[in-house]
Amino acid sequence: MPTITATHVDVDVDIDVEDFIAECSNREINDLINTLAKDGHLSSKQITKASSKGLSVLEEEFSNKCIELASKFYSMGDQEIEIIEYIHKKYC
């Protein structure tokens, strides 16, 4: 946690991350994200604009992968199709 120095007194401050972010403006959050990326804590793959479909980044990537898989149907063997059918039955 951050250490604050005031009049030569060190104070450790324990701040809940969720509370901190909740109090930030959009500009401050963007600054935080840019700083985390610049310092190497976030990769450029993790930083994207909000999806126009209202999906999270991971949901959109997953959806795109499913669409791409659907286009490869005739290239798949029976075993690959059975795996996809198994996953579908398990979650749908």
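The largest pocket of the predicted model has a volume of about 370 Å³. A pocket here is an open set of points on a 1 Å grid over the protein atoms alone, where a 1.4 Å probe fits, with protein on both sides within 12 Å along at least five of seven lines. The volume is the space filled by probe spheres set on the points, which are joined across faces, edges and corners. The pocket is lined by 14 residues, and Phe62, Cys66, Leu69, Ile84 and Ile87 are the closest to its centre. Lining residues have an atom within 4 Å of a point. Helix 3 (57-70) and helix 4 (78-91) each contribute at least two residues to the lining. Helix 4 gives the largest share, six residues. By class, the lining holds 11 nonpolar residues, one polar and two charged. Cys counts as nonpolar and Gly as polar, while Asp, Glu, Lys and Arg are the charged class.

Residues are numbered from 1 along each chain as its sequence is written. In this predicted model, local features need pLDDT of at least 70 and side-chain atom pairs pLDDT 80 or more, while totals for chains, interfaces and linings use all residues; side-chain values use heavy atoms, without hydrogens and water.

The protein comprises four helices and two strands, in the order β-β-α-α-α-α along the sequence. These are DSSP runs numbered from the N terminus (helices H or I, at least four residues; strands E, at least two). Helix 2 (residues 26-38) has 13 residues and should span 18 Å at 1.5 Å a residue; its end C-alpha atoms are 18 Å apart, which agrees. The expected span is 1.5 Å times one less than the number of residues. Gly40 follows helix 2 and has a positive phi, near 85°. Helix 4 reaches 20 Å across its 14 residues, close to the 20 Å expected.

Helix 4 is hardly covered, with one buried residue among its 14. The protein exposes about 8,600 Å², and carbon and sulfur atoms supply 56% of this area. Areas follow the Shrake-Rupley method with a 1.4 Å probe.

One aromatic pair is found in the whole structure. The rings of Phe73 and Tyr74 have centres 5.0 Å apart and planes at 80°, so the pair is edge-to-face. Pairing requires centres within 6.5 Å, and edge-to-face requires planes over 60 degrees apart. Phe73 is partly exposed, at 41% relative accessibility. Tyr74 is exposed, at 81%. Exposed means over 50%, and partly exposed lies between that and the buried limit.

Technical notes
Buried < 20%, exposed > 50% of the residue type's maximum accessible area, 1.4 Å probe, protein only. Phe/Tyr/Trp six-rings, centres within 6.5 Å; stacked < 30°, edge-to-face > 60°.
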